[in-house]
Amino acid sequence: MERAVLLLLLVSGSLCNGNYSHLGTGTSLAVCQPDTCALLSEVAAMREKMAATTQTQSRLEQTLSTMMQKMATVEANMQSYRSQVEELSMVNQAQEEQLKALKDITSANTTKMAFTAALGSSIGPFQQSTPVKYQSVLSNIGSGYNPSTGIFTARVRGMYYFRFTMYNNNAGQPNSVVALMMNSQRLVHTWDTAGSDNHDSASNAAVVQLEPGDSMFVQLEETRVLYDDAFNYNTFSGFLLFTL
């Protein structure tokens with residue numbers, strides 16, 4: 001195509017410069033010259049358009065190549081992201097399994113609550129009603145009972161059973177009054193403040209519904225006393241019957 005265009009340009013140059021001897025005697029130059037020049041001009045314009053089209057095509061090819069490279073990079077990144085998502089999904093699944101196991105362990109621990117504690121030594125009298133701190137802990141499953149305060153704290157909602165014993169005195173006038181407390185509410189009492197007999201014991205119990213955080217304790221009323229020694233006459237016990 002380029003050779004044909006060059007040939008036409010050479011002929012055009014020859015015709016447009018007035019060299020018409022090759023056309024023969026009697027040829028009408030007025031007729032041949034304008035048509036040939038116009039044709040050659042059109043061919044030259046087509047050649048320029050083809051060159052411009054070639055350049056445009058080259059730019060498009062370069063742009064396409066760049067886009068393909070970017071797409072390849074994006075695809076590689078997507079593959080990397082997929083791998084990361086899969087890894088995170090596996091990690092998340094493992095963490096969920098661990099959390100479930102911890103919940104099961106926690107649930108098992110909180111639904112098993114039972115304790116018994118003994119006083120171990122005499123206390124009172126006090127100027128105000130005071131929680132009895134049973135220091136000798138015989139059992140404390142679930143760690144609901146705190147010997148530092150004498151208070152049991154519920155960890156789950158449920159029905160609980162509590163029982164306490166009271167030993168008043170070894171000699172002299174009996175003077176013992178204690179109450180089983182739920183938070184600030186008195187539930188049941190034991191009482192011995194009259195008579196001249198010694199070595200008296202009493203006990204009481206209650207089944208109560210508790211919410212998480214509710215407290216249970218035995219309270220020695222003001223100006224009253226409890227006698228105890230290493231034989232642990234005064235005790236406080238409780239356990240969870242069932243959850244609600």
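Buried means under 20% relative accessible area. The exercises below apply this cut-off and others to a predicted model.

**Exercise 1. Classify Ser215: is this residue buried or exposed? Then list what Ser215 touches.**

Step 1. Locate the residue. Ser215 lies in strand β10.
Step 2. Take its relative accessible area, which is 14%. The cut-off for buried is under 20%, so Ser215 is buried.
Step 3. Look for neighbours, leaving out residues up to four places away in sequence. Ser215 touches Ile151, Phe152, Met181, Met182 and Asn183.

**Exercise 2. Describe the overall fold in terms of its elements.**

Step 1. Count the elements. The chain has two helices and eleven strands.
Step 2. Read their order from the N terminus: α-α-β-β-β-β-β-β-β-β-β-β-β.
Step 3. Check burial. Of the 244 residues in the chain, 26% are buried.
Step 4. Check contact range. Among contacts with a separation of 6 or more, 71% join residues 24 or more positions apart.

**Exercise 3. Find which elements build the largest nonpolar core.**

Step 1. Size the core. The largest nonpolar core has 28 residues.
Step 2. Name the residues with the most contacts inside it: Phe152, Tyr160, Phe162, Leu180, Leu210 and Phe236.
Step 3. Assign elements. β1, β6, β7, β9, β10 and β11 give two or more residues each.
Step 4. Pick the top contributor. β6 gives the most, with four residues.

**Exercise 4. Work out how Phe152 pairs with Phe115 and with Phe162.**

Step 1. Take Phe115 and Phe152. Their centres are 5.2 Å apart, with 15 degrees between the planes. Planes under 30 degrees apart count as stacked, so this pair is stacked.
Step 2. Phe115 lies in strand β1 and Phe152 in strand β5, so the pair ties together parts 37 residues apart in sequence.
Step 3. Take Phe152 and Phe162. The values are 5.4 Å centre to centre and 65 degrees between the planes, an edge-to-face pair.
Step 4. Check burial. Phe152 is buried at 2% relative accessibility; Phe162 is buried at 0%.
Step 5. Widen the view. Phe115, Tyr134, Tyr145, Phe152, Tyr160, Phe162 and Phe236 form one aromatic cluster.

**Exercise 5. Identify the residues of the nonpolar surface patch, and classify Phe239.**

Step 1. List the members. Val207, Phe239, Leu241, Phe242 and Leu244 make a patch of about 450 Å².
Step 2. Find the main source. Strand β11 gives the most, with three residues.
Step 3. Classify Phe239, which lies in strand β11. Its relative accessibility is 35%, so Phe239 counts as partly exposed.

How values were computed: Residues are numbered from 1 along each chain as its sequence is written. This is a predicted model: local features need pLDDT of at least 70, side-chain atom pairs count only at pLDDT 80 or more; totals for chains, interfaces and linings use all residues. Side-chain values use heavy atoms; hydrogens and water are left out. Patches are made of residues with over 30% relative accessible area and no salt bridge: like charges are joined within 9 Å, nonpolar side chains (Val, Leu, Ile, Met, Phe, Trp, Tyr) within 5 Å. Accessible areas come from the Shrake-Rupley method with a 1.4 Å probe; for residues, only the protein chains shown count as cover. A salt bridge is a side-chain nitrogen of Lys or Arg within 4 Å of a carboxyl oxygen of Asp or Glu. Buried means under 20% relative accessible area, exposed over 50%, partly exposed in between (1.4 Å probe, protein chains only). A nonpolar core is a set of buried Ala, Val, Leu, Ile, Met, Phe, Trp, Tyr and Cys residues joined through side-chain atoms within 4.5 Å. Contact means heavy atoms within 4.5 Å. Rings of Phe, Tyr and Trp (its six-membered ring) pair if their centres lie within 6.5 Å; planes under 30 degrees apart count as stacked, over 60 as edge-to-face and the rest as tilted.
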